[in-house]
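Trainee: Could you take me through one part of this model closely? I'd like to look at the open sheet and what gathers around it.

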Amino acid sequence: MNKLVLEKSFYFLFTYFLLSCSSKSDPGDGAPPPPPPPPVTYEWVFGSTPVWTDEFSTDGAPDASKWGYDIGGNGWGNNELQYYTDGLNASINGGILKITAKKESYSGKLYTSARMITKNKADWLYGSFEIKAKLPKGRGTWPAIWMLPTESVYGVWPNSGEIDIMEHVGYDLNNVHFTLHANAFYGGNGKGSAKVIATATDDFHLYRLDWAPYGIRGYFDNEKVFEYTNPNSGYASWPYDKKFHMLLNIAVGGTWGGAQGVDDSVFPATMEIDYVRVYPFTR
């Protein structure tokens with residue numbers, strides 16, 4: 001075999017070797033696939049300056065430019081016993097808003113109270129909501145700090161959602177609840193959490209909602225007690241993409257609040273609010 005033939009044979013063998021090695025390292029030929037991308041990390045960032053606040057710094061009636069009232073005694077879907085008045089049961093004194101439920105006859109009911117609302121005065125889509133409050137004591141009281149949709153785009157309750165930042169029933173002293181309601185989970189099956197705050201009815205505590213496009217978190221005294229991630233599966237499980245407004249109230253009795261009856265000796269019963277502050281969602 002002459003030198004030229006040897007050189008050609010070596011060249012073809014070397015080329016075959018390189019091609020063989022290259023084909024073995026091809027990811028499509030049995031090599032492990034590349035690792036998946038890391039999960040998305042959300043930042044939960046809110047502005048440091050409130051976009052809306054009520055410090056309740058002026059004695060007298062609540063600011064009518066910020067608060068209205070739900071009025072009536074129709075049971076409010078929960079067989080509640082009170083009549084909600086047009087501001088007669090809400091006042092500010094010494095920098096504190098006081099919502100007071102009373103044992104008194106009014107418009108066919110045996111109790112009165114107040115249900116304050118920001119509807120059409122302040123409505124929000126996302127944000128961080130802080131409310132510093134002291135809760136009333138007594139069996140039959142049912143105070144709440146919560147949010148409802150301003151327009152029921154997805155239909156009547158529970159389809160358009162509800163966010164309960166704080167609920168407390170008097171027969172279960174100091175056990176405070178954070179709960180979400182929607183078409184896919186509502187009433188006793190709402191998504192939420194509860195925490196015993198030993199001095200909830202004796203001292204002021206901070207109740208907070210962080211609401212973003214990708215989830216909702218609940219905090220008591222800046223301790224996270226609940227988190228729900230947007231499943232991106234439609235309004236039935238995430239109706240929280242529309243504007244909501246805030247409500248502050250004390251119900252008397254009702255399906256949950258009155259499950260163990262009402263102790264008339266606890267009235268008047270007052271929920272005190274030091275402030276309400278709303279911070280904007282930024283990213």
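Mentor: Let's start at Tyr69, which stands opposite Met116 in strand S7. Bear in mind that this is a predicted model. The pairing between S2 and S7, the latter covering residues 115–117, is antiparallel and rests on 2 bridges.

Now step back to the whole sheet. It is open, has 7 strands with antiparallel pairing, and runs in the order S2-S7-S16-S9-S10-S11-S12. Strands S2 (68–69) and S12 (191–196) stand at the edges with a single partner strand each, so one side of each has no neighbour in the sheet.

Further along the order, have a look at S11, residues 175–181, where Thr179 lies. Thr179 has 11% relative accessibility and therefore counts as buried, the cut-off being under 20%. Setting aside residues up to four places away in sequence, Thr179 touches Glu162, Ile163, Asp164, Glu167, Gly190, Lys191 and Gly192. Asn174 is placed in the loop between S10 (162–167) and S11. With a relative accessibility of 7%, Asn174 counts as buried too. Its contacts beyond four places in sequence include His168, Lys195, Val196 and Thr201.

The largest nonpolar core has 52 residues, and Ile163, Tyr207, Trp211 and Tyr240 touch the most other members. Beyond four places in sequence, the contacts of Ile163 include Trp146, Met147, Phe178, Leu180, Trp211, Tyr240 and Phe244. Another core, of 5 residues, lies apart from the largest one; among its members are Ala144, Trp146, Leu148 and Leu247.

Trp146 and Leu148 also bring us to the largest pocket: together with Asn78, Trp157 and Glu162, they lie nearest its centre among 35 lining residues. The volume of this pocket is about 830 Å³. S7, S9 (141–149), S10, S11 and S16 (244–252) each supply at least two residues of the lining. The largest share, 5 residues, comes from S9.

One word on confidence before you work with the coordinates. The protein chain has an average pLDDT of 91, and 89% of the residues score at least 70. Over residues 1–27, though, the pLDDT is below 50, and this stretch has 3 contacts in the model beyond near neighbours in sequence. Where pLDDT is low, predicted coordinates should not be read in detail.

Key
Residues are numbered from 1 along each chain as its sequence is written. This is a predicted model: local features need pLDDT of at least 70, side-chain atom pairs count only at pLDDT 80 or more; totals for chains, interfaces and linings use all residues. Side-chain values use heavy atoms; hydrogens and water are left out. Two strands pair if DSSP finds at least two bridges between them. Helices (H or I, at least four residues) and strands (E, at least two) are DSSP runs, numbered from the N terminus. A nonpolar core is a set of buried Ala, Val, Leu, Ile, Met, Phe, Trp, Tyr and Cys residues joined through side-chain atoms within 4.5 Å. Buried means under 20% relative accessible area, exposed over 50%, partly exposed in between (1.4 Å probe, protein chains only). Contact means heavy atoms within 4.5 Å. pLDDT is the predictor's confidence in each residue, from 0 to 100. On a 1 Å grid over the protein atoms alone, a cavity is a set of points where a 1.4 Å probe fits but cannot get out, and a pocket is an open set with protein on both sides within 12 Å along at least five of seven lines; lining residues have an atom within 4 Å of a point. Grid points are joined across faces, edges and corners, and a volume is the space filled by probe spheres set on the points.
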